[in-house]
Amino acid sequence: MDVTVICSKRKTLSLRVGCHGEVLVRAPYRTGEQQIRDFIARHEEWIAARISECLREQFQIEDGLIVSLFGKKYVIQNGRARMEDGLIFLPCENREKALIRLLKKFALNYMTSEVRRLAERYGFRYEGVQISSARGRWGSCGKQGKITFSFRIVFLTEELARYVAVHELCHTRHFNHSADFWREVGGILPDYQTCRNRLKSCGTYMNRL
């Protein structure tokens, strides 16, 4: 999570989550970094719950809402559930469930194509792609080579989604995060560290839907 720390003439630590999910810690002067980290860790569950609440308040599935999927803008409209020409049509009732179904299908089609393209280009072998509702991770790779992505990966840009795909494909050869694994990733994406850092700031997307 992105945390801003402000030190001032005060006696205690305080914590606030803003309306856009930003986290603000106010601390007395001379408060140690580890003390602040421990304070945040003690309140981690509350912070996560508050961020989720804030994002749900923002993400009201109404006509006219603009949603960015893999970096492309889509506008929500009323109608039979479908996606076409930059529009997402949703019925009046059970909109969230309808949207999740559409996004899962979209994520499966997109990531299957992306993984296939990368595997063919770099010689990876895998056992298939599937989509889950996971909130804790963007993707995972089973020991048999089955790759799973959270449907919420649709909220990432194409560049970051590609990084996640490369990351999981590299796990088909290195089932760990060893130096060899990161060399494999770097051989495909030399700027992977930039993508990795940017991905950390996207964790709040996991609280959408």
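Among contacts in the protein between residues at least 6 apart in sequence, what share joins residues at least 24 apart? In this predicted model, the share is 45%.

The protein has 209 residues, and 42% of them are buried. Its secondary structure consists of 6 helices and 10 strands. Along the principal axes, the C-alpha trace spans about 60 × 50 × 25 Å. The accessible surface of the protein is about 12100 Å², and carbon and sulfur atoms account for 46% of that area.

Now to the interior. In soluble globular proteins, nonpolar side chains tend to be buried together. Here the largest nonpolar core has 52 residues, and Leu69, Phe149, Ile153, Tyr163 and Leu209 are those with the most contacts inside it. Both strands and helices give two or more residues to this core: the strands are strand 4 (66-69), strand 5 (72-78), strand 7 (87-90) and strand 10 (146-150), and the helices are helix 3 (95-122), helix 4 (158-170), helix 5 (179-188) and helix 6 (192-200). Helix 3 supplies the largest share, 12 residues.

Leaving aside residues up to four places away in sequence, Ile153 touches Phe70, Ala107, Met111, Trp138, Ala161 and Val164. Leu209 is found in the segment after helix 6. Leu209 counts as buried because its relative accessibility is 5%, and buried means under 20%.

Helix 3 also deserves a look along its length. Its 28 residues reach 40 Å from the first C-alpha to the last, close to the 40 Å expected at 1.5 Å a residue. Just after helix 3 comes Gly123, which has a positive phi of about 75°.

Charged side chains form another set of links. How many salt bridges does the structure hold? There are 8. In one of them, Arg37 pairs with Glu33, with the closest N and O atoms 2.9 Å apart. Because they are 4 residues apart in helix 1 (residues 33-42), Arg37 and Glu33 are separated by about one helical turn. An α-helix has 3.6 residues a turn, so residues three or four places apart point the same way. Both Arg37 and Glu33 are exposed.

Arg173 forms a salt bridge with Glu184, and the closest N and O atoms are 2.6 Å apart. Arg173 sits in the loop between helix 4 and helix 5, while Glu184 belongs to helix 5, so this pair ties together parts that are 11 residues apart in sequence. Arg173 is partly exposed, at a relative accessible area of 38%, and Glu184 is also partly exposed, at 22%.

A further salt bridge joins Arg82 and Glu84, where the closest N and O atoms are 3.4 Å apart. Arg82 has a relative accessible area of 21% and is therefore partly exposed; Glu84, at 36%, is partly exposed as well. Finally, salt bridges link Glu114, Arg117 and Arg162 in a network.

Definitions and conventions. Residues numbered from 1 in each chain as written. Predicted model: local features only at pLDDT ≥ 70, side-chain atom pairs only at ≥ 80, totals over all residues. Heavy atoms only, no water. Core = buried A, V, L, I, M, F, W, Y, C linked by side-chain atoms within 4.5 Å. Buried < 20%, exposed > 50% of the residue type's maximum accessible area, 1.4 Å probe, protein only. Contact = heavy atoms within 4.5 Å. Expected span 1.5 Å × (residues − 1). Salt bridge = Lys/Arg side-chain N within 4 Å of Asp/Glu carboxyl O. Areas by Shrake-Rupley, 256 points an atom, 1.4 Å probe, with all protein chains shown as cover.
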